[in-house]
Amino acid sequence: LIQTTNFSYTQPWYFAGQGFLFLHTRYRGSTARDSRSGRALFSMTSPDGREWSEPREIAFIHQGSYQISWPHGSKLGTAFDVHPPPLGLNQRTNLYYMETHDFGRSWQTVDGRPVPLPLSEEKNPALVRDYRAENLLVYLKDLNYDEQGHPAIVYLTSSGFESGPKGGTRTLRLARWTGSRWRYSTIGETDH
């Protein structure tokens, strides 16, 4: 039995015949052992919800990430961002996606390329779009799949982090995998 209070943004998913695949965030603080602080993405598994595996780090890039996830059949996908310096949480950007077909033992890109874990570099195989290069922030909203099992990610982009009209126009967007490439479209705009 593993007991811990260091996890947030929990996303437990149950897979019949296997158990729970638990994606979550763990906060890392500045210590002598680890000089970086922020939000690291982790996974754990359990056959019954009582006995759990050791936490496995999935990604810790710059000052961390937020993630959203969703299952489709035996697959679990996760979309996430990155918090680069100097603004950290106020500068969340980029769009990443990867998926597992084997209960979290291995991860791959949408087109089947292996993703070596833990991810620690901003430019990595899971990068869908480099919004940092476009000077846009990314706020994740939803992840789901079409009838063919292709992922569709809903997210918001913005040029500023301040809420309300003061932060400028926000664009609600969709990134969806066509089976051969990512296709991007605009859903609408908002001022908050």
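I count two strands as paired if DSSP finds at least two bridges between them. Strands (E, at least two residues) are DSSP runs, numbered from the N terminus.

**Entry 1. Basis.** I worked on a predicted model, in which local features need pLDDT of at least 70, side-chain atom pairs count only at pLDDT 80 or more, and totals for chains, interfaces and linings use all residues. Residues are numbered from 1 along each chain as its sequence is written, and side-chain values use heavy atoms, with hydrogens and water left out.

**Entry 2. Strand β6.** Strand β7 (residues 93–100) runs antiparallel to β6 and is joined to it by six bridges; Phe80 stands opposite Tyr96 of β7. Strand β5 (residues 67–72) also pairs with β6 in the antiparallel sense, over six bridges, and here His72 faces Lys75. β5 and β6 make a hairpin with two residues between them, and Gly73 in that turn has a positive phi of about 60°.

**Entry 3. Aromatic pairs.** I found 10 aromatic pairs in the structure. Rings of Phe, Tyr and Trp (its six-membered ring) pair if their centres lie within 6.5 Å; planes under 30 degrees apart count as stacked, over 60 as edge-to-face and the rest as tilted.

Because Trp13 belongs to β1 (residues 8–15) and Trp70 to β5, the pair ties together parts 57 residues apart in sequence. Trp13 is buried at 17% relative accessible area, whereas Trp70 is partly exposed at 34%.

For Phe20 and Trp52, the centres are 6.3 Å apart and the planes at 40°, so the pair is tilted. Tyr14, Phe20, Phe22 and Trp52 form one aromatic cluster.

**Entry 4. Charges over rings.** I required NZ of Lys or CZ of Arg within 6 Å of the ring centre and within 35 degrees of the ring normal. Arg26 lies over the face of Phe42, 5.4 Å from the ring centre. The charged end of Arg129 is placed over the ring of Tyr184, at 4.6 Å from its centre.

Technical notes:
Helices (H or I, at least four residues) and strands (E, at least two) are DSSP runs, numbered from the N terminus. Buried means under 20% relative accessible area, exposed over 50%, partly exposed in between (1.4 Å probe, protein chains only).
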